[in-house]
Amino acid sequence: MRIALDSQACQGHGRCYSLAPELFDSDDEGYAVLLVDGDVPADLEESARLAADNCPEFAITCQS
Amino acid sequence: MTDIAAGPRDWATEFDHTREDYAAAAPAIWDELRERCPVAHSPAHGGVWLPVRHADVTAIANDTENFSSEGVIVNAFKPEDLAPKGYAPPITSDPPFHAGARRLLLPAFSPRQVERWEEATRAACRELIDDILQRPDGLADAAVDYAQHIPVRVIAEMLGLPREDGDRFRTFIHRIIETPGQHADLPYEETLVHYLSQVIIQRRREPHRDDLIGFLLQAEMDGQPLTDEHVFGTIALLIVAGIDTTWSALGASLWHLAQHPEDRHRLVEDPEVAPFALEEFLRFYSPVTMARITANDTEIGGCPVPARDWVLLAFPAANRDPEAFERADEFVIDRQRNRHLAFGLGIHRCLGSNLARMELRVALEEWLARIPDYELADPDGVRWSTGQVRGPRTLPIRITSPQEV
């Protein structure tokens, strides 16, 4: 699975780093930072999907 | 102001969100309008639009060119010529001023900074529950004795204002948000403007204190200190926006749990469901409706809207739209896909969302740990607030779990 974050669309809701802390972190202003280079480890695919499905700005996309 | 007579009304043309009948029935009104007239209009408050579809609310929130934040609380007195700064930056600001005013505040409300206030929040909750559990009859008001106090104590501490001022904060908020436009003859000494003027005079004498007011007094934007109006407006915003909002979300969550023992038990027995339950409380009982003023002749969902009209940005209505949510009209405690708009959308996403989530989580944890079983003592005695922030203001409950010894 591949994951991408559109930083322009992110408004700092913080859903992704709460639900998938292995994949996302917060910067000092609360905006999301993607911690992986795009490939999602197999055991984190469910977390990745949760992060994407709960972003109010549709800023995260996952592709299997 | 157009006064809308009491009694049965056509919600598509005669709603007034500041009246008790609307407050008591709001979710049913939004559902009815979504089917029948998804962009409603009323002559109340000089004329106001109410879109209830998720798609329309989203489009407005993202269109800052046509929908200005110059006014965010619908009122007969419509702000004019204050954009792009507005009277309470950054919530009343438009681009380009908005970004800088917001960036100033973001670090203090980031998740890591908010963690600093968790222990103080927990201590406040425990103290309030201690008092509630001392009552021999097991009766309490979950809104008055619990929910309303928690955000007041936290924001007072963050700002560096005395906790005793909390009652005054609630009075200001009641006037400004719940009953706007009804207090024109108030003596100046009793207003938020007077209170804040005194605070700023006093704090300018000791500007280096380590709290949010101290930070604003020393902050710079584009190399310049903030103007007095900017500091004043931002403190007003932090007092007004952070209190009845969280108090409402917490009160509505406790109201729900009073009537749903299965959800209480699930939360106590299955801690992993808690993060999902928290978001579902926020979706299903979203407290905050914002407002905008149209900056140009524009349209909402194909409906023409002239410039300078009020538009209610009903995030709570959007959150119950079946076009956007499966089983939208049901509370699903472990909902896995929940892109709710309780904290808004776009550049004005609630600045305090991390703080609000922390307060709501801690307050529910502490309540359920010690009051796992309770019920509504007087279902007809529950009163919902009027205006743009919706939540129970009286919530009489009876504790049914065994008393602590």
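## Basis

Local features of this predicted model need pLDDT of at least 70 and side-chain atom pairs count only at pLDDT 80 or more, while totals for chains, interfaces and linings use all residues. Residues are numbered from 1 along each chain as its sequence is written, chains are lettered from A and ligands numbered from 1 in the order in which they are written, and side-chain values use heavy atoms, with hydrogens and water left out.

Cys16(A) is in no disulfide, and the nearest cysteine sulfur, in Cys10(A), is 6.2 Å away. Cys16(A) is buried at 7% relative accessibility (buried means under 20% relative accessible area, exposed over 50%, partly exposed in between, with a 1.4 Å probe and protein chains only).

For Cys350(B), the closest cysteine sulfur is also that of Cys10(A), at 15 Å, which is too far for a bond. Cys350(B) is partly exposed, with a relative accessible area of 27%.

## Salt bridges within chain B

The structure holds 36 salt bridges over all chains; the term stands for a side-chain nitrogen of Lys or Arg within 4 Å of a carboxyl oxygen of Asp or Glu. One of them joins Arg126(B) and Glu366(B), with an N to O distance of 2.9 Å. Arg126(B) lies in helix α6 (residues 118-133) and Glu366(B) in helix α17 (residues 353-370), so this pair ties together parts of chain B that are 240 residues apart in sequence. Helices here are DSSP runs (H or I, at least four residues) and strands likewise (E, at least two), numbered from the N terminus. Arg126(B) is partly exposed at 42%, whereas Glu366(B) is buried at 6%.

Arg264(B) and Asp373(B) also form a salt bridge, their closest N and O atoms being 2.9 Å apart. The partners are 109 residues apart, with Arg264(B) in helix α14 (residues 261-269) and Asp373(B) in the loop between α17 and β11 (374-376). Arg264(B) is buried at 4% relative accessibility, and Asp373(B) is partly exposed at 23%. In a further pair, Arg357(B) meets Glu279(B) at 2.8 Å between the closest N and O atoms. This bridge links helix α17 to helix α15 (residues 274-284), across 78 residues. Arg357(B) is buried at 12%, as is Glu279(B) at 3%. Salt bridges with shared partners join Glu118(B), Arg122(B), Arg126(B), Arg361(B), Glu365(B) and Glu366(B) into one network.

## Interface of chain A and chain B

Chain B contributes 22 residues to the contact and chain A contributes 21, where contact means heavy atoms within 4.5 Å. The buried area is about 1900 Å², of which carbon and sulfur atoms give 44%; buried area is the accessible area (1.4 Å probe) that two parts lose on being put together, summed over both. In chain B, Arg112(B), Arg339(B) and Arg349(B) lose the most area to chain A, together 32% of what that side buries.

Four salt bridges cross the interface. Among them, Asp25(A) pairs with Arg112(B), the closest N and O atoms being 2.8 Å apart. On the side of chain B that touches chain A, α4 (97-105), α5 (111-115), α15 and α17 each supply at least two residues. That side has seven nonpolar, seven polar and eight charged residues (Ala, Val, Leu, Ile, Met, Phe, Trp, Tyr, Cys and Pro count as nonpolar, Asp, Glu, Lys and Arg as charged, and the others, Gly among them, as polar).

Conventions:
A disulfide is a pair of cysteine sulfur atoms within 2.5 Å.
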